[in-house]
Amino acid sequence: MKRFLKLYSIEQKLAFRSCDMLIFGVAMPVGVLILISMIAGNKMAGEGYTYLESSFASLIAVGICAAAFMGIPLIIVDYRDKKILKHFFTTPCSPMWILGSDVLCCAVNAILSAVAVSLVSVVFFGYQMRGSIPGFIGAWFLTMIAMFSIGLLMASLCKTVKAANAVTSLVYFPMLFLSGATIPYELFPEGLQKVASVLPLTQGIKLMKAVSMGIQTDSVWKIVVLLVSITVICSAISIKTFRWE
């Protein structure tokens with residue numbers, strides 16, 4: 001365990017030094033939150049809820065999106081390309097430890113993003129969650145592991161860093177802008193909403209929104225089943241197709 005924690009601390013320091021996650025996963029959602037709150041925070045986005053209440057869960061998901069689709073795949077493929085994963089077979093540390101430390105590092109980054117958005121929302125804009133806080137944490141966690149499983153699948157299938165950069169860009173930006181994570185879903189035309197609903201992150205955001213606003217519908221359990229299915233399927237394929245070199 002001490003070796004794993006030491007490895008994790010090194011990975012976390014490297015992540016903070018790159019600043020990419022801090023910019024795209026923390027600073028960006030906080031910045032968008034401030035803009036939305038200042039421009040239309042108290043305006044009604046739908047029946048009975050404001051743009052701030054609608055945007056809260058969406059912006060919480062930005063950190064998950066950055067960690068899952070830009071963090072995990074690029075880190076693992078880069079380590080595979082540089083033979084770092086292969087070299088771990090000659091050390092006392094298990095090669096699985098570096099994968100575990102990278103996933104934990106990305107999870108911590110997503111947590112930092114969620115905490116930053118929550119603090120700014122509550123302290124500066126008076127946000128109050130209508131639904132269950134433990135329930136929201138559970139919805140957030142389920143969304144995170146589902147998106148992380150997709151990120152691990154991308155890391156398993158991509159053979160080179162160049163391919164990983166292309167695939168992560170094709171997945172990350174549609175997820176970021178079409179899922180409602182940055183632009184409020186309610187502002188999309190009906191046709192675009194149907195397209196956006198196909199994205200897994202959109203379903204995760206819908207789940208977190210429903211829980212945070214205390215909405216009880218049958219679709220909540222359908223989304224839970226969908227996210228669990230995505231996690232199981234993508235994880236199984238990742239394990240089957242993963243290569244150390």
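Trainee: Is cysteine 234 buried or exposed?

Mentor: Cysteine 234 is buried, at a relative accessible area of 10%. Buried means under 20% relative accessible area, exposed over 50%, and partly exposed in between, with a 1.4 Å probe and protein chains only. Bear in mind that this is a predicted model: local features need pLDDT of at least 70, side-chain atom pairs count only at pLDDT 80 or more, and totals for chains, interfaces and linings use all residues. Residues are numbered from 1 along each chain as its sequence is written, and side-chain values use heavy atoms, with hydrogens and water left out.

Trainee: How many disulfides turn up in the whole structure?

Mentor: The search finds zero. A disulfide here is a pair of cysteine sulfur atoms within 2.5 Å. For cysteine 234, the nearest cysteine sulfur belongs to cysteine 158 and is 13 Å away. For cysteine 65, the nearest is that of cysteine 106, 12 Å away.

Trainee: Where does cysteine 158 sit?

Mentor: In the loop between helix H6 (133-157) and H7. Helices are DSSP runs of H or I, at least four residues, numbered from the N terminus. Cysteine 158 is buried too, with a relative accessible area of 6%.

Trainee: Switching to H3. What span does it have?

Mentor: H3 covers residues 51-81, which is 31 residues, and reaches 44 Å from first C-alpha to last. That is close to the 45 Å expected, taken as 1.5 Å times one less than the number of residues.

Trainee: Where is the kink in H3?

Mentor: At glycine 71, about 30°, shortly before proline 73. The bend is the angle between axes fitted to the seven residues ending there and the seven starting there.

Trainee: Why call H3 largely enclosed?

Mentor: Because 26 of its 31 residues are buried.

Trainee: And the largest pocket? What's its volume?

Mentor: About 570 Å³, counted as the space filled by probe spheres set on grid points joined across faces, edges and corners. A pocket is an open set of points on a 1 Å grid over the protein atoms alone, where a 1.4 Å probe fits, with protein on both sides within 12 Å along at least five of seven lines; lining residues have an atom within 4 Å of a point.

Trainee: Which element gives the most to that lining?

Mentor: H3, with seven residues. The lining has 19 residues, and Gly71 is among those nearest the centre.

Terms used:
Helices (H or I, at least four residues) and strands (E, at least two) are DSSP runs, numbered from the N terminus.
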